[in-house]
Amino acid sequence: MAPLLQVDNIEVYYGVIKALKGISFEVNKGEIVALIGANGAGKTTILHTVTGLLKPKTGKVIYNEKDITKTPAHKIVTMGMAHVPEGRRIFSQLSVLDNIKLGAFTRKDKDEIEQSLKYVYERFPRLEERKNQIAGTLSGGEQQMLAMGRALMSKPDFILMDEPSMGLSPLLVSEIFDIIKVINEGGTTVLLVEQNAKKALSIADRAYVLETGTIALSGNAQDLMNDESVKKAYLSE
Amino acid sequence: MEFLSAIIAGISLGSIYALIALGYTMVYGIAKMLNFAHGDVIMVGAFMMFIALTKMGLHPILCIIFGTVICTILGVVIEKLAYKPLRKATSLAVLITAIGVSYFLQNSAQLIFGAGSKTFTSLFGSGNISLFDGQIIISHNTIVTICVSVIIMIGLTLFINKTKTGRAMLAVSEDKGAAQLMGINVNKTISITFAIGSALAAIAGALLCSSYPILSPTTGAMPGIKAFTAAVLGGIGSIPGAMIGGILLGVIENISKVYISTQLSDAIVFGILIIILLVKPTGILGKKMNEKV
């Protein structure tokens with residue numbers, strides 16, 4: 001079976017700076033794949049290139065056997081891909097409910113949207129309690145939940161999460177990772193970018209280790225967790 | 001009673017400023033640019049209505065629709081040709097382009113319609129209503145201006161807050177990238193914003209020239225700059241801010257005219273702009289700018 005997402009030798013530039021120096025990886029249906037690596041390794045750049053916010057100079061992004069390298073970001077969403085961006089990027093001036101509804105922007109069927117809304121509220125009861133609150137007044141953890149709930153509203157087959165643990169207390173981090181696991185068990189494929197390598201590897205099936213724009217290592221998450229060089233560099237043991 | 005008359009006339013003038021300021025503030029909110037050609041769209045709209053009325057002999061309502069449609073298209077075309085290629089350029093380049101578009105519109109109008117001024121016939125009749133035994137006289141223009149502005153402002157507020165497109169506009173104005181991730185077409189949203197802003201400018205043109213019936217290629221320049229001042233006063237980027245700022249500015253201008261000096265009224269209006277920029281650059285309802293890291 002062809003992989004759900006295939007990234008083929010992409011190079012991405014910020015002006016003259018080469019941020020990704022030929023990255024290739026794949027994500028299979030049903031998997032949780034983690035991209036780990038230090039700050040500035042290019043993890044977020046990869047996600048932005050996959051969802052179309054950035055365009056690669058060379059290389060291809062293939063999703064569901066379709067070449068989406070040149071597809072604009074707003075169309076990629078309609079193909080069943082959702083992106084929970086780094087720093088949440090919720091619409092802080094709008095209410096929680098408006099934020100969630102914007103996640104279903106491309107969907108037409110009102111009943112199905114209502115069902116998705118119920119699903120999101122079940123997953124994140126806190127969002128229902130605060131649905132009329134202005135999103136900018138939520139706590140960090142709640143904002144992360146909102147960003148995830150908003151992404152789920154597009155009913156994605158594939159969800160990309162960028163640093164969901166950023167700035168959260170250890171307890172909340174565990175809660176968020178449990179939810180990622182549940183979302184995955186529901187049939188959604190997950191591509192997870194994390195600096196918290198230990199947590200990411202603990203729920204991932206496979207992982208890629210990034211170093212300054214190239215993939216340094218890849219493999220089974222369990223194997224990587226036991227790899228001496230990974231342990232030393234990313235698991236602070 | 002003189003004071004009350006001055007206030008009513010000020011509210012009428014201010015609602016015109018508010019309609020224009022809405023275009024400034026919406027475009028600023030979404031495209032993060034100051035469209036200094038916005039004032040000249042008013043002039044184009046007024047000329048179109050003038051031609052429709054005098055040369056084509058259309059009914060006033062049809063004249064307004066004709067001018068509004070032309071301006072809506074014009075706004076979208078300006079955005080596509082002049083501003084869209086500069087989406088990633090520095091804001092200074094966009095600003096200079098906007099000034100260029102403004103000159104282009106003024107000079108094209110001069111070429112087509114001549115530099116001389118024309119007398120615009122009110123589209124709303126010339127009658128008056130007198131209250132309190134003739135102590136207050138309100139023209140039909142004033143009443144229509146205030147009513148039309150209020151209806152448009154309520155309609156626009158409902159549109160922004162209740163429709164999907166409106167909420168998409170708010171989302172784009174806050175975070176273009178995140179909006180795209182929701183499946184919102186940012187370019188389309190910007191086009192819609194320019195279309196709405198330009199349509200409001202055309203209506204403002206009809207109201208303005210019906211009350212102040214001199215039409216020339218530079219007719220839009222002064223109200224455009226004053227509406228910009230109103231948008232800054234209310235807080236640029238804020239829709240209710242533009243409404244409040246516009247009406248406030250109209251009232252201040254008119255009261256200055258009545259009680260201080262006609263010649264000084266413009267100086268007072270622009271003095272307000274300077275004071276706001278010095279004291280509270282975010283305006284009355286403006287939000288604090290969060291610098292993104």
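Start by selecting B:Ser15 and B:Ile11, where a polar atom of the B:Ser15 side chain lies 2.6 Å from the backbone oxygen of B:Ile11. You are looking at a predicted model, in which local features need pLDDT of at least 70 and side-chain atom pairs count only at pLDDT 80 or more, while totals for chains, interfaces and linings use all residues. Residues are numbered from 1 along each chain as its sequence is written, chains are lettered from A and ligands numbered from 1 in the order in which they are written, and side-chain values use heavy atoms, with hydrogens and water left out.

**Stop 1: around B:Ser15**

Show the secondary structure of chain B, and you will find B:Ser15 in helix α1, residues 2-31; helices here are DSSP runs of H or I with at least four residues, and strands are runs of E with at least two, both numbered from the N terminus. Is B:Ser15 buried or exposed? B:Ser15 is buried, because its relative accessible area is 3%, and buried means under 20%, exposed over 50% and partly exposed in between, with a 1.4 Å probe and protein chains only. Now select B:Thr145, B:Ile146, B:Ser149, B:Met153 and B:Ile247, which B:Ser15 touches when residues up to four places away in sequence are not counted; contact means heavy atoms within 4.5 Å.

**Stop 2: where chain A meets chain B**

Next, colour the two chains separately and look at their interface, where 22 residues of chain A are in contact with 17 residues of chain B. Between them the chains bury about 1,900 Å², 64% of it on carbon and sulfur atoms; buried area is the accessible area (1.4 Å probe) that two parts lose on being put together, summed over both. Select A:His74, A:Phe91 and A:Phe105, which supply 34% of the area that chain A buries against chain B, more than any other three residues.

The count between the two chains is two salt bridges, a salt bridge being a side-chain nitrogen of Lys or Arg within 4 Å of a carboxyl oxygen of Asp or Glu. Select B:Arg167 and A:Asp98 to see their side chains meet in a salt bridge, at 3.4 Å from N to O. On the side of chain A that touches chain B, α2 (73-76) and α3 (96-103) of chain A each supply at least two residues, and α3(A) gives the most, with four residues. By class, this side of chain A has ten nonpolar, seven polar and five charged residues.

**Stop 3: the two domains of chain A**

How much area do the two domains bury between them? They bury about 1,100 Å², 77% of it on carbon and sulfur atoms. Select A:Pro156, A:Ile179 and A:Ile183, which supply 34% of the area that domain 1 buries against domain 2, more than any other three residues.

Across this domain interface there is one salt bridge.

Note on methods
Nonpolar A, V, L, I, M, F, W, Y, C, P; charged D, E, K, R; others polar. Polar contact = N/O pair within 3.5 Å; in protein donor to acceptor, adjacent residues only side chain to side chain.
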